[in-house]
There are 2 protein chains.
Amino acid sequence: MFSKTCEYGLRAVIYIAQQAKTNEKIGITAIADAIDSPQAFTAKILQQLTKNNIVQSIKGPFGGFYIDEQNLQNISLNNIVQVLEGNRIYTGCGLGLHQCNAEKPCPLHFKFIEIRENLKKMLENTTLLELSSDKSITDYYLKN
Amino acid sequence: MFSKTCEYGLRAVIYIAQQAKTNEKIGITAIADAIDSPQAFTAKILQQLTKNNIVQSIKGPFGGFYIDEQNLQNISLNNIVQVLEGNRIYTGCGLGLHQCNAEKPCPLHFKFIEIRENLKKMLENTTLLELSSDKSITDYYLKN
DNA sequence: AGCATTAAGGATAAACTTATCTTTTAATGC
DNA sequence: GCATTAAAAGATAAGTTTATCCTTAATGCT
Ligand code: FES
Ligand code: FES
């Protein structure tokens, strides 16, 4: 469904959001360890997310990544997916036609856009705030 | 969502199914032309689908690909996706955990499996027979 | 100022997907 | 049998994703 980039990115941001509650910045080594992802690769992904203002970072001692209160409330998973996957996942044809278009639909179009819309809505409705709740932290896992 | 392999494969099989109504075999050149896909690559994909008994083929003059009456009735899109994508798309974790498991769920698990199940059901319920109906042939497009 | 720490940035490598080309095998008609 | 046709099979190339490594820039501490 998602690329590795997106999978690691989502896991990383969720983890940072969870740690952000304690107002601490968290380093790339700790993140990669917590979500069981390749460190350097994850760093690249977070770089991209930082540029796009999904997460914040500061360099130097006691530096690291964090998410401010405002982003915690405003960012949903679709924002992250948009940055890391582009919007083809939201607008592209299921059978790979160059244009997904109801005027000239592929045989799967009307069935497929339903799935696609549900995915989009699900990601839009899943906020970092929700994912960083105490219950979410205790009940769910970011590696196995 | 799907790989190029899967996209071309689905389009090719749908096209063959539609042509199969006239009891004609159809060659790889005609197929690639009809669905606007790279010919040699599409041939490889159909080779794989032939081995897995999704489509039939015969070599030589007037040879080509076809789908018999039985397959037309029994094959659904999920059979094709299964062969070309494996079942990770049906069983894999949305966040890329090695195991998707309700006992140790990722933060997206319960929302994600719903999407995944809907996709699976949609593909299971979409049969080649349906896609090769006259209405389907006239109303839908396999290239644009 | 100098040093230690940590993310950013750039270059490169490995792995996988996508795509093409050539040779071989099977079927058909003569 | 022989020529012709078309898919199967194998080899190789191109492109993209995934991953690592090394250098640079920013920050804080002494
Ligand atoms: S045209 Fe294929 S999904 Fe819309
Ligand atoms: S554990 Fe992630 S989707 Fe099931």
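Predicted model: local features only at pLDDT ≥ 70, side-chain atom pairs only at ≥ 80, totals over all residues.

User: How many helices and strands does the secondary structure of chain A come to?

Analyst: Read along the sequence, chain A follows the pattern α-α-α-β-β-α-α-α-α-α-α. The C-alpha trace of the chain spans about 55 × 30 × 30 Å along its principal axes, and 47% of its 144 residues count as buried. The secondary structure of chain A comes to nine helices and two strands.

User: What share of the contacts in chain A with a separation of 6 or more is accounted for by residues 24 or more positions apart?

Analyst: The contacts in question are those of chain A with a separation of 6 or more, a contact being a pair with heavy atoms within 4.5 Å. Within that set, residues 24 or more positions apart account for 63%.

User: How far apart are the end C-alpha atoms of helix α7 of chain A, which should span 24 Å?

Analyst: Helix α7 of chain A covers residues 109-125, which makes 17 residues. The expected span is 1.5 Å times one less than the number of residues, so the helix should span 24 Å. The expectation agrees with the model, in which the end C-alpha atoms are 24 Å apart.

User: Within what arc do the buried residues of α7(A) fall, seen down its axis?

Analyst: The buried residues of α7(A) are A:His109, A:Phe112, A:Ile115, A:Arg116, A:Leu119, A:Met122 and A:Leu123. An α-helix has 3.6 residues a turn, so residues three or four places apart point the same way. On the other side of α7(A), A:Glu114 and A:Asn125 are exposed. The buried residues line one face of the helix, because seen down the axis they fall within an arc of 160°.

User: Which element of chain B is included in what covers the buried residues of α7(A)?

Analyst: The cover is drawn from both chains, and from chain A it includes α5 (77-85) and α6 (88-91). From chain B, what covers these buried residues includes α7 (109-125).

User: Which element gives the most to the surface near DNA strand C?

Analyst: Of the 25 residues around DNA strand C, those that come nearest are A:Gly27, A:Lys44, A:Ser57, B:Tyr8 and B:Pro38. At least two residues each are supplied by α3 (39-51), β1 (56-58) and β2 (64-66) of chain A, together with α1 (4-20) and α3 (39-51) of chain B. With four residues, the element that gives the most is α3(A).

User: Which side chain has an N or O atom 3.3 Å from a base nitrogen of DNA strand C?

Analyst: Of the atoms of DNA strand C within 4 Å of the protein, 64% belong to sugar or phosphate and the rest to bases. The base nitrogen is 3.3 Å from an N or O atom in the side chain of A:Gln47.

User: Which element supplies the largest share of the surface near DNA strand D?

Analyst: A phosphate oxygen of DNA strand D is 2.9 Å from an N or O atom in the side chain of B:Ser57, and a sugar or linking oxygen is 3.1 Å from a polar backbone atom of B:Gly60. Two or more residues come from each of α1 (4-20) and α3 of chain A and α3, β1 (56-58) and β2 (64-66) of chain B. The largest share, four residues, comes from α3(B).

Key. Residues numbered from 1 in each chain as written. Chains lettered and ligands numbered in written order. Heavy atoms only, no water. Near = heavy atom within 4 Å. Polar contact = N/O pair within 3.5 Å; in protein donor to acceptor, adjacent residues only side chain to side chain. Buried < 20%, exposed > 50% of the residue type's maximum accessible area, 1.4 Å probe, protein only. Arc of directions from axis to C-beta.
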